[in-house]
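The exercises below ask the reader to work through one structure part by part, each task being followed by a solution in steps. Please keep the sequence and the 3D view at hand while reading.

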Amino acid sequence: MSGGHEMQTRNDEFTIARRDLLKGTAALIIAVSVPSIAFRGAEARTATRTLNPAQLDSWLAIAEDGGVTCYWGKMDMGQGVDTAVAQIVAEELDIDVDIVDVVAGDSALCVDQGGASGSSGVNRSGAAFRQAAAEARLVLFETAAEKLEVPIDKLAAADGVIRVNGNTSKSVSYAELVAERLFNAPITWNGRYGNSLTLEGRATPKDPKDYKVVGTSVRRKDIAGKILGTTEFLHDVKVPGMLHGRIVRPGAAGARVKHVDKASVADFPGVQVVVEEDFIGVVAPDEWDAIQAARKLKVEWDTSDIGFPTTSEELHDWIRGAEPGKSAVEDDIGDVDTAIADAARTLTVEYEWPFQSHARMAGAASLADVRDGEVVVWTDSQKPYDTGKGAKALLETPIGNRRRNKPRYSARSIWKPGPGSYGRSDAGDGAMDAVLLSEAIGAPVRVQWMRHEGHAWDPKGPASVITCRAGIDGDGTVTAYHFHTKGFSRSDQNSRENAPSEVLAGHLVGHASSPDWRMQTPAESYRFPNKRYSWDALAPLRIQASPLRTAHFRDPYGPEVHFASESFIDEMAFTTETDPLAFRLARVTDPRDADVLQAAADLAGWEPHATPRRRREANGNFVGQGIAYAQRNGSVNAVVAEVEVDPKTGRVWVRRMFVGADHGLIINPFTLDRTIEGNLLQATSRTLFEEVKFTREMVTTDDWVSYPILEAADAPLEIRIEKINRPELDPRGAGEPTTRVAPPAIANAFFDATGVRLRRVPFTPDRVKAALG
Amino acid sequence: MKKTFTINVDGHDHSVSSEPTMPLLYALRNQLGKKGPRFGCGLAQCGACTVIIDGTAVRSCVMPVVAVKGKVRTLDGLSADGEPHPVQQAFIEEEAGQCEYCIGGWIMTATALLEKNPKASDEEIRDGLAGLKCRCGTHMAILRAIRRAATEMAS
């Protein structure tokens with residue numbers, strides 16, 4: 001072990017000599033919030049002890065000036081989730097939210113709560129902090145009762161001071177009570193790291209009816225620093241001796257390295273070329289030199305086994321004909337096949353969704369320092385705990401006869417904000433690139449993927465063909481509904497970059513990929529007499545180091561599946577001459593679902609209609625409204641989209657959106673509105689613009705021109721949101737649930753406007769013009 | 001071959017050593033320590049690197065250092081004496097942006113636009129923002145913020 005770091009890895013838990021750790025690396029502490037108190041929290045943790053989920057001190061610290069620091073094992077992607085956690089803690093402790101600081105995602109400081117995952121930031125980690133803060137309050141009250149020599153039930157707290165009821169002379173502050181800066185109190189945990197981690201204690205959290213801070217629009221704690229340009233992003237981190245790395249990618253998927261002419265970049269000062277099997281990186285002290293050297297490096301590629309068995313143009317036919325790797329029936333009520341065979345009429349249609357790119361604002365970046373048996377990775381990955389584990393595994397795991405007798409490493413990962421994160425993006429891949437380069441060079445290396453890598457080589461959302469069938473009896477009643485997804489698994493790459501098989505660099509140095517079979521079926525409460533949800537999952541088009549490898553992309557399979565299911569609900573409604581809202585309301589069985597549908601419809605001024613209305617504006621453009629709804633992990637949302645379609649240009653503009661939103665208990669209405677807006681606009685972008693294109697050799701959409709996304713001119717005029725608060729429920733998460741309702745609402749609005757059904761995403765001008773004839 | 005250039009950034013002359021064709025962005029970030037202009041594409045397709053040079057919004061990722069003439073303003077230098085620029089203030093009040101990686105580009109573009117024409121119409125604002133990318137889809141809040149800033153700056 002090196003220097004002052006005493007770090008042992010034991011199962012998933014670090015034991016750290018914290019005083020030394022923090023003394024040596026004070027500058028590494030993440031200040032998520034107000035600069036004046038950001039550092040205090042770190043100071044409050046300088047005692048030498050274990051980062052142990054069963055100790056209250058692992059979760060919360062109170063400093064001498066009363067400031068409270070939360071050590072949060074998730075991170076915020078700009079949706080104010082850290083602020084929501086601060087609100088929850090402030091509520092339980094009866095303190096001002098402004099003095100609550102949140103330290104996020106440093107594996108040496110915060111218990112692993114799974115990173116950002118499945119819109120679980122508020123509901124799961126928030127629940128843990130609610131319990132931790134309630135327990136802290138109880139411990140403080142017990143200590144105060146002893147100190148003030150009064151029974152605990154005579155005490156009350158406000159603004160961090162405990163007073164005795166009816167006796168103004170007796171009081172003590174939280175800060176005074178934890179003068180040694182430690183609670184030294186146990187808390188019970190369920191023994192499971194990650195999203196599932198729960199805490200229990202002796203304390204009972206507040207009744208939601210007494211909430212004063214939770215449910216109010218506290219402003220995002222991180223916003224000012226980011227707008228003023230003072231916040232340190234991942235990309236701003238610099239450490240002494242840091243070098244700049246760039247990766248050299250082949251022009252064809254699967255091309256292998258035959259020969260690298262290192263002399264071809266010898267002119268660049270200090271440049272070093274790293275080659276391990278098919279992984280090639282260039283490192284230089286000057287970033288511009290590294291960029292140019294990576295472009296100039298002469299590489300001879302072996303192209304004997306490259307590319308894909310199909311192209312983006314032929315993709316959906318290829319999917320139809322492909323042999324499934326795994327199939328399943330997830331729901332099967334009644335006898336769908338018999339009911340459809342016996343039906344007076346049947347309706348069968350297919351919906352197509354393309355591969356889509358995470359396409360973050362910047363391609364992957366990371367800084368890694370691999371030296372003296374220790375690896376430190378700075379990352380913006382939303383699973384930083386897995387980044388550290390993955391780095392260690394990549395460094396230590398033999399590949400055949402290679403990489404044997406490598407040293408063992410201790411790993412630390414430090415999360416910093418980056419260019420958004422919507423699932424398993426390229427962040428984890430970029431981190432492993434930096435790890436390999438730093439290992440080879442023996443110095444800290446910062447890697448930045450260039451634009452073509454961020455688009456062409458990042459993990460993709462899966463493509464699919466979804467077939468929907470309905471049986472309709474003589475009086476127009478739908479008797480049977482079959483929904484069948486055939487497409488690529490949503491996780492060729494795991495959502496966690498914790499193993500060499502799950503990262504691009506791992507594949508390139510020779511680790512075998514291990515794709516997973518994961519699909520999705522619609523989440524709703526419709527009752528049909530006969531109903532079946534089934535799927536066929538396909539193996540990846542290319543297994544190793546594929547630029548089309550799939551991984552979780554915001555609301556994995558949610559937009560794909562619900563574009564189809566909620567379009568088909570509309571098609572069944574119109575086929576049976578029923579208003580699409582009425583059709584839904586007659587079949588949903590959960591009252592929360594009916595509530596959001598009605599709320600969205602009311603906001604939109606929904607007028608019942610059983611045929612498409614084909615309304616036209618004075619300028620000749622078509623205008624229409626469409627509705628869709630879906631559940632997601634306990635949240636439920638409905639949206640009415642109003643679109644304008646220009647038949648001359650083929651442009652579809654989503655002018656207005658009206659949302660009925662139920663995410664359980666609302667923690668912060670202001671940030672919830674913005675989170676919903678972000679979901680809707682990103683999903684609108686995916687519906688109207690986004691398609692990964694590829695030839696038989698390579699992905700060709702490798703920048704913002706070839707892979708356009710929604711811009712300011714495409715933004716709606718208005719989004720109105722009716723939020724239904726459910727204090728009787730937990731907060732259910734809002735990071736993803738409104739993503740899946742936008743695509744079908746837009747498709748349904750297009751149908752109302754034009755009488756034409758679009759069943760293939762994206763709705764590009766060419767396709768729209770072709771559809772309208 | 002590296003040469004020395006003098007560029008004026010946020011009110012100060014700075015000496016920069018680079019190849020003449022190196023984009024301004026790398027000088028700002030790696031030699032002057034600026035955090036506001038960010039690398040997004042290196043192709044002038046997203047705007048995350050936007051700075052203002054003599055009143056015009058410029059993509060610093062494709063502007064060679066040798067071509068830089070005039071006074072460069074970055075997000076880092078936009079606030080005056082610790083007071084946020086009205087555009088920054090409006091972005092804070094509206095909580096515009098999510099991850100905020102792209103936000104400097106929107107703020108600098110909007111600042112150049114509104115300093116020239118604080119009475120810009122909604123359509124002129126949308127047109128003036130063409131080419132800027134926001135992957136988090138926060139355009140609604142960004143547009144609200146720019147309208148708020150316009151009102152403030154026109155008064």
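**Exercise 1. Domains of chain A**

How far apart do the C-alpha centres of domain 2 of chain A and domain 4 of chain A lie? Find also what the two domains share as a contact.

Solution. The model is a predicted one, and the place to begin is the domain assignment, which divides chain A into domain 1 (7-205), domain 2 (243-305 + 359-456), domain 3 (315-355 + 459-493 + 503-538) and domain 4 (558-772). Between domain 2 of chain A and domain 4 of chain A, the C-alpha centres are 39 Å apart. The next step is to look at the contact itself, where eight residues of domain 2 of chain A meet eight residues of domain 4 of chain A. Sorted by class, the side of domain 2 of chain A that touches domain 4 of chain A consists of four nonpolar, three polar and one charged residues.

**Exercise 2. Domains of chain B**

Describe how the two domains assigned to chain B meet, and state which elements take part on the side of domain 1.

Solution. In chain B the assignment gives domain 1 (3-76) and domain 2 (86-154), and the C-alpha centres of these two domains of chain B lie 21 Å apart. Their contact involves 16 residues of domain 1 of chain B and 14 residues of domain 2 of chain B. On the side of domain 1 of chain B that touches domain 2 of chain B, the elements giving two or more residues are β3 (50-53) and β4 (56-59) of chain B, with the largest share, three residues, coming from β3(B). By class, that side of domain 1 of chain B holds eight nonpolar, seven polar and one charged residues.

**Exercise 3. The two chains together**

Which element of chain B gives the most residues to the side of chain B that touches chain A?

Solution. Begin with the whole contact, in which 45 residues of chain B meet 43 residues of chain A. The elements of chain B that each supply at least two residues to this side are α1 (24-31), α2 (86-94), α3 (103-116) and α5 (139-154). It is α5(B) that gives the most, with four residues. Divided by class, the side of chain B that touches chain A has 22 nonpolar, 14 polar and nine charged residues.

**Exercise 4. A helix and a strand residue**

Arg412(A) has 26 C-beta neighbours inside 10 Å, and because 20 or more are required, Arg412(A) counts as buried. Leaving out residues up to four places away in sequence, Arg412(A) touches Ser107(A), Ala108(A), Val376(A) and Gly388(A). The C-alpha atoms of Arg412(A) and Leu109(A) are separated by 9.9 Å, although these residues lie 303 residues apart along the chain.

**Exercise 5. Two open sheets of chain A**

What is the strand order of the open sheet of five strands in chain A, and what is that of the open sheet of three strands?

Solution. The sheet of five strands runs β16-β26-β25-β24-β17 in chain A, with mixed pairing. Its edge strands are β16 (326-333) and β17 (345-353) of chain A, each pairing on one side only, and neighbouring strands of this sheet are turned by 10° against each other on average, direction ignored. Within the sheet, β25 (residues 478-488) and β26 (residues 530-538) of chain A pair in the parallel sense over nine bridges, and His484(A) stands opposite Ser534(A) in β26(A). Helix α14 (residues 558-575) of chain A packs on this sheet, touching β17, β24 (464-472) and β25 of chain A, and its direction makes about 150° with that of β17(A).

The sheet of three strands has the order β6-β7-β8 in chain A, with antiparallel pairing. Because β6 (155-158) and β8 (167-173) of chain A stand at the edges with a single partner strand each, one side of each is left without a neighbour in the sheet.

Methods. Residues are numbered from 1 along each chain as its sequence is written. Chains are lettered from A and ligands numbered from 1 in the order in which they are written. This is a predicted model: local features need pLDDT of at least 70, side-chain atom pairs count only at pLDDT 80 or more; totals for chains, interfaces and linings use all residues. Domain bounds come from an automatic or database domain assignment. Two residues are in contact if their C-beta atoms, placed from the backbone, lie within 7 Å. Ala, Val, Leu, Ile, Met, Phe, Trp, Tyr, Cys and Pro count as nonpolar, Asp, Glu, Lys and Arg as charged, and the others, Gly among them, as polar. Two strands pair if DSSP finds at least two bridges between them. A residue is buried if 20 or more other C-beta atoms lie within 10 Å of its own, exposed if 12 or fewer, and partly exposed in between; C-beta atoms are placed from the backbone. Axes are lines fitted to C-alpha atoms, for helices over the stretch in contact, and angles run from 0 to 180 degrees between N-to-C directions.
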